[in-house]
Amino acid sequence: MDNLIKKRTKRGFIILLALVAAAALALRFYLKPYAPEGRAETALVSGGGILVERNANWISFEPSAKGGTGIIFYPGGLVEAEAYAPLARRLASAGHSVYIARMPLNLAVTRSDAAEDIIRVHPKLSFVLGGHSMGGVMASRFAARHPDKLTGVFFLASYPDEKGSLKASTLAALSVLGTEDKVLDRKKYREGRAYLPDNTVYYSLEGGNHAQFGSYGPQKGDGKATISEERQQAETVRALLDWMNNLR
């Protein structure tokens, strides 16, 4: 009888280990991030008047000739921070210090207050905060809690939710959305407009999709863009710069 109990216990333990291993593999597969592609890797190299530095919490793009508002950026869900380097570098070339926040597990929901440390370390800068997809949702939650620390909030293929409502805020807001975006939940996007301030600027990016705000390749379920990644980011930067110029 004792031997039978021992055999069953051992078998149960082996089955439990197998289940734990399978769950770990499934979680690892599910949380596999979108990695930066070639353009992003090139944009991460200092030069041309832009100093790029990386630490555990953010990637900074510091222009040698500064003359504008600082920009804090929250990445989209499961997208590595480095993938937004080309977008950040374009903005830095226009004189803006840009900081891409790193997120645990590459999910902004795990660290929605990431902007706090960046703002604290750069007390002489005024800031706008925004993000791509999930990053924008989490950026709005930080902005709703700390409106006094920002001058504006921007959303790339994103929207605020009820916890990040900016409806009663005096903050400026910008929403940029590609016409070929098939990843964004349009119902939630429409609902999210109710949480944006009346002064929100909406920019429709003709031919743009969800993934091309970053440089990480195609995204599952996305629409096919009819413009290049480079053009989509150039138009996004133009919309951001025009919007920020009106904040002054």
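His96 is buried in this predicted model, because its relative accessibility is 3% and the cut-off for burial is under 20%. The residue is found in the loop between helix 3 (85–93) and strand 4 (98–101). A polar atom of the His96 side chain lies 2.7 Å from the backbone oxygen of Thr69.

Aromatic residues form a further topic. The structure holds 6 aromatic pairs. One of them joins Tyr34 and Tyr216 in a tilted arrangement, with 5.2 Å centre to centre and 50 degrees between the planes. This pair links distant parts of the chain, 182 residues apart: Tyr34 is in the loop between helix 1 (2–30) and helix 2 (38–43), while Tyr216 is in the loop between strand 8 (201–205) and helix 7 (229–245). Ring pairs also bring Tyr34 and Tyr216 into a cluster with Phe73, Tyr84, Phe154 and Trp243.

| Residue | Relative accessible area | Class |
|---|---|---|
| His96 | 3% | buried |
| Tyr216 | 4% | buried |
| Tyr34 | 24% | partly exposed |

As to confidence, the protein chain has a mean pLDDT of 91, and 88% of its residues reach 70 or more.

Terms used
Residues are numbered from 1 along each chain as its sequence is written. This is a predicted model: local features need pLDDT of at least 70, side-chain atom pairs count only at pLDDT 80 or more; totals for chains, interfaces and linings use all residues. Side-chain values use heavy atoms; hydrogens and water are left out. Rings of Phe, Tyr and Trp (its six-membered ring) pair if their centres lie within 6.5 Å; planes under 30 degrees apart count as stacked, over 60 as edge-to-face and the rest as tilted. Helices (H or I, at least four residues) and strands (E, at least two) are DSSP runs, numbered from the N terminus. Buried means under 20% relative accessible area, exposed over 50%, partly exposed in between (1.4 Å probe, protein chains only). pLDDT is the predictor's confidence in each residue, from 0 to 100. A polar contact is a pair of N or O atoms within 3.5 Å; within protein, one must be able to donate a hydrogen and the other to accept it, and residues adjacent in sequence count only if both atoms are side-chain atoms.
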